[in-house]
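Let's take a walk through this protein together. Have a look at the sequence and the model first, and then we'll go from the whole chain down to single residues.

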Amino acid sequence: MVGKVVIGALVCILVLVGTTYAQQVEVPREKAGKIVLQTKRPAAQPVVEVHPQTVAFTETSNLSAPRLSIEQMRQAGARAAQKVKEENHDIETDSNEPDLPAPPPKKQIAANAVRAVDRQSHESEPSPPAQSISFSSQTAFTKLADGFDLPVGKPDGRGYYKARGMRSHGHLGEDWDGVGGGDSDLGDPVYCIGDGVVVFARDCHQGWGNVIIVRHAYREGGSVRNVDSLYGHLQKILVHRGQAIRRGQQIAAIGNAHGLYDAHLHLEVRKNIAIGMSRDKFAQDFSNYYDPSDFILSHRHLQNSGASYRVAMNTFAYDSRIHWDKLRNYSHARTGGGSSESAYALKKALVSQSATATAH
């Protein structure tokens, strides 16, 4: 009996020694094909208390012989210590994992992070100045027209007659002559038919001579419309591009296209404000043109609140391709001017004037 007690005490001592030794040995991290995550702790490893009775009962219950060698006891103690440590480690890992300090959160990178930096750098730079618009070259203000008058003998063309009228696909305007015939009206004043702004004023050479185009804005049917009036064959020009013009203001003098024709005024009224001097680029009919006299007589008095209206200036895209100074001007190439139509119109006008004078 005493021998058994001695042997049991000896086994307990050996187990304690083996446990201490086993705690100094690095334990493999794989267990039965299962990888156990190791958690590093800043503190020292906790001391594991091993009860001799429990370990002794567990180990000795499997002993087949009452006598063990020192090596066998050492191996048994190491296995017991390793099992206890592994079980203790698994428990600590499962129970303490929620209390472990959470890993630092991953830095969230927004999808537009680069753009935000770029935007910030651009904001620090001085912004480019806003593009200014010169009203004299791009747009201009004009009063809404309160009505339209004839361009000679204002306001009703007194002392003048319509030598040629508007004809679709032919003569796209009207020719106005003085009742004296020939060049009797050379240098007579030309008046603007309504309030507007000058969008073209220059010598065009060829068969035109000096030309002025005025852009008008007027209210009709609840909306604002634009129309261009053209004055051709002028002896001299009294206005400039971008200048605001009043109804009935003198803008030029009647000419003969540098001597090409008998003196008269060529007048056009255009629906299409893109034509300019490039008439061959557009349909030459009533889709782009008004009959001047009909337009004026039907718009003698218009609704007008005195307000101003902005109109575009650069609408003659095709004109930019014309080199005016290189065009032939036909100066002093007088062809006699006039026509049978003009001669007949003059006789008719004189008869009408004579009849009016007799009646009075």
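**From the surface to the salt bridges**

The protein chain exposes about 22400 Å², and carbon and sulfur atoms supply 54% of that area (accessible areas come from the Shrake-Rupley method with a 1.4 Å probe, and for residues only the protein chains shown count as cover). Before going on, keep in mind that this is a predicted model, where local features need pLDDT of at least 70 and side-chain atom pairs count only at pLDDT 80 or more, while totals for chains, interfaces and linings use all residues. Residues are numbered from 1 along each chain as its sequence is written, and side-chain values use heavy atoms, with hydrogens and water left out.

The protein chain has 7 helices and 14 strands (DSSP runs numbered from the N terminus: helices are H or I with at least four residues, strands are E with at least two). Of its 360 residues, 35% count as buried (buried is under 20% relative accessible area, exposed is over 50%, and partly exposed is in between, with a 1.4 Å probe and protein chains only). Now for contacts, meaning heavy atoms within 4.5 Å: among those with a separation of 6 or more, 72% join residues 24 or more positions apart.

Next, find Ser293 in helix H6, residues 292-298. Ser293 counts as buried because its relative accessibility is 9%. Who does Ser293 touch, leaving aside its neighbours within four places in sequence? Lys162, Glu174 and Trp176 are in contact with Ser293.

Two of those names come up again: Lys162 and Glu174 form a salt bridge, with the closest N and O atoms 3.5 Å apart (a salt bridge is a side-chain nitrogen of Lys or Arg within 4 Å of a carboxyl oxygen of Asp or Glu). Lys162 lies in strand S4 (residues 160-164) and Glu174 in strand S5 (residues 174-178), so the pair ties together parts that are 12 residues apart in sequence. Are the two partners buried or partly exposed? Lys162 is partly exposed because its relative accessibility is 34%, whereas Glu174, at 0%, is buried.

The structure holds 11 salt bridges. In another one, Asp228 pairs with Arg215, their closest N and O atoms being 2.8 Å apart. Asp228 sits in strand S9 (residues 223-237) and Arg215 in strand S8 (residues 210-220). Both Asp228 and Arg215 are buried. Finally, look for the network of salt bridges that links Asp146, Asp149, Asp156, Arg247 and Arg300.
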